[in-house]
Amino acid sequence: MKTLIGRSLVSVALLTGCTGIPEGTQPVTGFELDRYLGQWYEIARLDHSFERGLDCVTADYSLRDDDGVRVINRGYNLEEQEWDEAEGRAYFIDDENVGRLKVSFFGPFYGGYNVLKLDDDYQWALVAGPNRDYLWILSRSPEMDSATESRLRQRAAELDFPVDELIDVTQGDECPSS
């Protein structure tokens, strides 16, 4: 199994000190970390080097002993038939009731993790990085109904994200069990 660490180095260098939020966007309020913890499936994302070529991508969030969040990102390269995994840590930037965190997969370098839209039942989320180059549509299940995904893409377009560049992430039967 490879790690995403090597892929992350270039991206982390670009994100150093970039714990911001895309201009004109707002993180969700009333955020409840305990409800957000657990496994999320990546439904779509903007392309970036640290996940390039990966499908079957999941993110698992759990509590750390230092009041932070343990982040395990995992993806499968269908072509190479190989898993990639990276472990990171995340911490709230401001108020813990606001879906705005900083996340690091390498040393002291952090990037923004901004929950822009979140289902009342915590079944899906629209997440951005520090700028409009990073966007993820996440779901608690490997498949998302098309109406919900369409609404999230529409909301991202309203926020000036390049939704025509979103990559659909393969999930489900094509993904091997760990």
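1. The largest nonpolar core of this predicted model has 26 residues, and Tyr36, Tyr61, Tyr113 and Leu118 touch the most other members. Two or more residues of this core come from each of α2, β3, β4 (69–77), β5, β6 (100–106), β7, β8 (124–128) and β9 (135–139). As background, nonpolar side chains in soluble globular proteins tend to be buried together.

2. The protein chain has three helices and 10 strands. Read from the N terminus, their order is β-α-α-β-β-β-β-β-β-β-β-α-β. The chain has 178 residues, and 49% of them count as buried. Its accessible surface is about 9,000 Å², with 45% belonging to carbon and sulfur atoms. For contacts between residues at least 6 apart in sequence, 58% join residues at least 24 apart.

3. Tyr36 deserves a separate look. Which residues does Tyr36 touch, not counting those up to four places away in sequence? They are Phe31, Tyr61, Tyr113, Val115, Leu118, Tyr122, Ala125, Val127, Leu138 and Arg140. Tyr36 has a relative accessible area of 3%, so it is buried. Tyr36 also belongs to an aromatic cluster, together with Phe31, Trp40, Tyr61, Phe92, Tyr113 and Tyr122.

4. The structure holds 12 aromatic pairs. One of them is formed by Tyr36 and Tyr61, a tilted pair with 5.5 Å centre to centre and 40° between the planes. This pair links distant parts of the chain: Tyr36 is in helix α2 (residues 33–36) and Tyr61 in strand β3 (residues 55–63), 25 residues apart. Tyr61 counts as buried because its relative accessibility, 10%, is under the 20% cut-off.

5. Tyr91 and Tyr110 form another aromatic pair, this one edge-to-face, with 6.4 Å centre to centre and 65° between the planes. Tyr91 lies in strand β5 (residues 82–92) and Tyr110 in strand β7 (residues 109–118), so the pair ties together parts that are 19 residues apart in sequence.

6. Two arginines are placed over aromatic rings. Arg74 lies over the face of Trp83, at 3.9 Å from the ring centre. Arg132 has its charged end over the ring of Phe161, 5.5 Å from the centre of that ring.

7. On one side, β3 and β4 pair in the antiparallel sense over seven bridges, and Thr58 has Arg74 in β4 as its bridge partner. This is the Arg74 that lies over the face of Trp83. The hairpin of β3 and β4 has five residues between the strands, and Asp67 there takes a positive phi near 70°.

8. β4 is also joined to β5, by nine bridges, and these two strands run antiparallel. Along this pairing, Ile72 stands opposite Glu87 in β5, while Gly75 has Asp84 in β5 as its bridge partner. The two strands form a hairpin with four residues between them, and Gln81 in the turn has a positive phi of about 50°. How many of the nine residues of β4 are buried? Seven are, and the strand is mostly covered.

9. The antiparallel arrangement goes on from β5 to β6, which are joined by four bridges. Arg89 has Ser104 in β6 as its bridge partner.

10. The loop between β5 and β6 contains Val98. Where along the chain are its contacts? Leaving aside neighbours within four places in sequence, Val98 is in contact with Pro27, Val28, Thr29, Phe31 and Phe92. The C-alpha atoms of Val98 and Gly30 are separated by 6.2 Å, although these residues are 68 residues apart along the chain. Two contacts of Val98, Phe31 and Phe92, are also members of the aromatic cluster that includes Tyr36.

Terms used: Residues numbered from 1 in each chain as written. Predicted model: local features only at pLDDT ≥ 70, side-chain atom pairs only at ≥ 80, totals over all residues. Heavy atoms only, no water. Buried < 20%, exposed > 50% of the residue type's maximum accessible area, 1.4 Å probe, protein only. Contact = heavy atoms within 4.5 Å. Areas by Shrake-Rupley, 256 points an atom, 1.4 Å probe, with all protein chains shown as cover. Phe/Tyr/Trp six-rings, centres within 6.5 Å; stacked < 30°, edge-to-face > 60°. Lys NZ or Arg CZ within 6 Å of the ring centre and 35° of its normal. Core = buried A, V, L, I, M, F, W, Y, C linked by side-chain atoms within 4.5 Å. Pairing = 2+ DSSP bridges.
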